[in-house]
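User: Could you take a close look at the open sheet in this model and walk me through it? I would also enjoy hearing how the rest of the chain looks around that part.

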Amino acid sequence: MDSAVSSPEKQDKENLVGISKNQLGVCGWILFSLSLLLMIITFPISIWMCLKIIKEYERAVVFRLGRIQADKAKGPGLILVLPCIDVFVKVDLRTVTCNIPPQEILTRDSVTTQVDGVVYYRIYSAVSAVANVNDVHQATFLLAQTTLRNVLGTQTLSQILSGREEIAHSIQTLLDDATELWGIQVARVEIKDVRIPVQLQRSMAAEAEATREARARVLAAEGEMNASKALKSASMVLSESPIALQLRYLQTLSTVATEKNSTIVFPLPMNVLEGIGGISYDNHKKVDDRA
């Protein structure tokens, strides 16, 4: 039962990538024999035409009479290609950079923006890349553009500006799932730039400036409140100990003398100030009594 179920699935997968396990047939074997005989007759000249060098970062998908030879590409190194019946296609396995041009997108909050990005991908299955899609690089490029527009169209402008990494990760997941049958592995997706209209930029700048001013006023008010509480505590301490006020007065004089050397300060004893204050207070009191 299990083998009956797994066999059609395996056959569908093989047909998807163009692999067929059928034999070459009578005509195929005849052509294979003639090709082999031709190579032997023209040896050693034919050996230079039949041996192909595949680089380390390349793989070769060999078609024999129009059919893929194996489910795995050949290489790197030397491979043998029979004359007249074998055709091979080289596939580069290095990482490819795909620049997505600026896409005009209407966000969920009805704001028109232009967003561009870059996609890094590589081919991990040369057979699938050759057999399942006509031009794997063009298909990946167009799919990346469509996926970028679809994903960003479901986000608001603030989400696009603040959540680039999450959006790029979701785009990478969607691309990786869609291109798996093409033998493509998406390594990374990055959103390079988000362009918004100039009028909207000015509105956002004015909003941000107003927010900063409001925050600065709140912080200044909190600072004044804390300073007033500290001054109140200091005045209570100075009122409990009169000598503390004298020490504070001397410390202030020392600070002024250090910072501003050109300033001449005449210190007066506190009892003299208290006397002056008392005389002034008594004079005002006598004037009020006479009135």
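**The open sheet and its surroundings**

Happy to. In this predicted model, three strands make up an open sheet in the order β3-β2-β5, and their pairing is antiparallel. The edges are held by β3 (67–68) and β5 (86–92), each of which pairs on one side only. As background, strands of a sheet pair through backbone hydrogen bonds, either parallel or antiparallel. Here β2 (residues 58–64) and β5 run antiparallel to each other over seven bridges. In that pairing, Arg64 stands opposite Asp86 of β5.

Let me follow the loops next. Pro76 sits in the loop between β3 and β4 (77–80), and the peptide bond that joins Gly75 to Pro76 is cis, with omega at about -5°. Further along, the loop between β4 and β5 holds Cys84. This cysteine has a positive phi of about 75°, although it is not a glycine. Cys84 counts as exposed because its relative accessible area is 75%, where the cut-off for exposed is over 50%.

Each of these two features has a counterpart elsewhere in the chain. A cis peptide bond also joins Phe43 and Pro44, with omega of about 5°, and Pro44 lies in the loop between α2 and α3 (45–50). As for phi, Ser110 has a positive value near 60° and is likewise a residue other than glycine. Ser110 belongs to the loop between β6 (96–106) and β7 (112–123), and at 59% relative accessibility it counts as exposed.

Since Cys84 has come up, the cysteines deserve a word. With a disulfide taken as two cysteine sulfur atoms within 2.5 Å, the count is zero. Cys50 is therefore in no disulfide: the nearest cysteine sulfur, that of Cys84, is 9.0 Å away, beyond the 2.5 Å cut-off. Cys50 itself is buried, with a relative accessible area of 2%, whereas Cys84 is exposed at 75%. Cys98 is buried too, with 6% relative accessible area.

One of its members, Leu34, is placed in helix α2 (residues 25–41).

For a contrast, turn to Thr140 in helix α5 (residues 136–152). Thr140 counts as buried because its relative accessibility is 2%, and the cut-off for buried is under 20%. Setting aside neighbours within four places in sequence, Thr140 is in contact with Tyr121, Thr179, Trp182 and Ile184.

The protein chain has ten helices and eight strands. Of its 291 residues, 25% count as buried. Among contacts between residues at least 6 apart in sequence, 67% join residues at least 24 apart.

Key. Residues are numbered from 1 along each chain as its sequence is written. This is a predicted model: local features need pLDDT of at least 70, side-chain atom pairs count only at pLDDT 80 or more; totals for chains, interfaces and linings use all residues. Side-chain values use heavy atoms; hydrogens and water are left out. Helices (H or I, at least four residues) and strands (E, at least two) are DSSP runs, numbered from the N terminus. Buried means under 20% relative accessible area, exposed over 50%, partly exposed in between (1.4 Å probe, protein chains only). Two strands pair if DSSP finds at least two bridges between them. Contact means heavy atoms within 4.5 Å.
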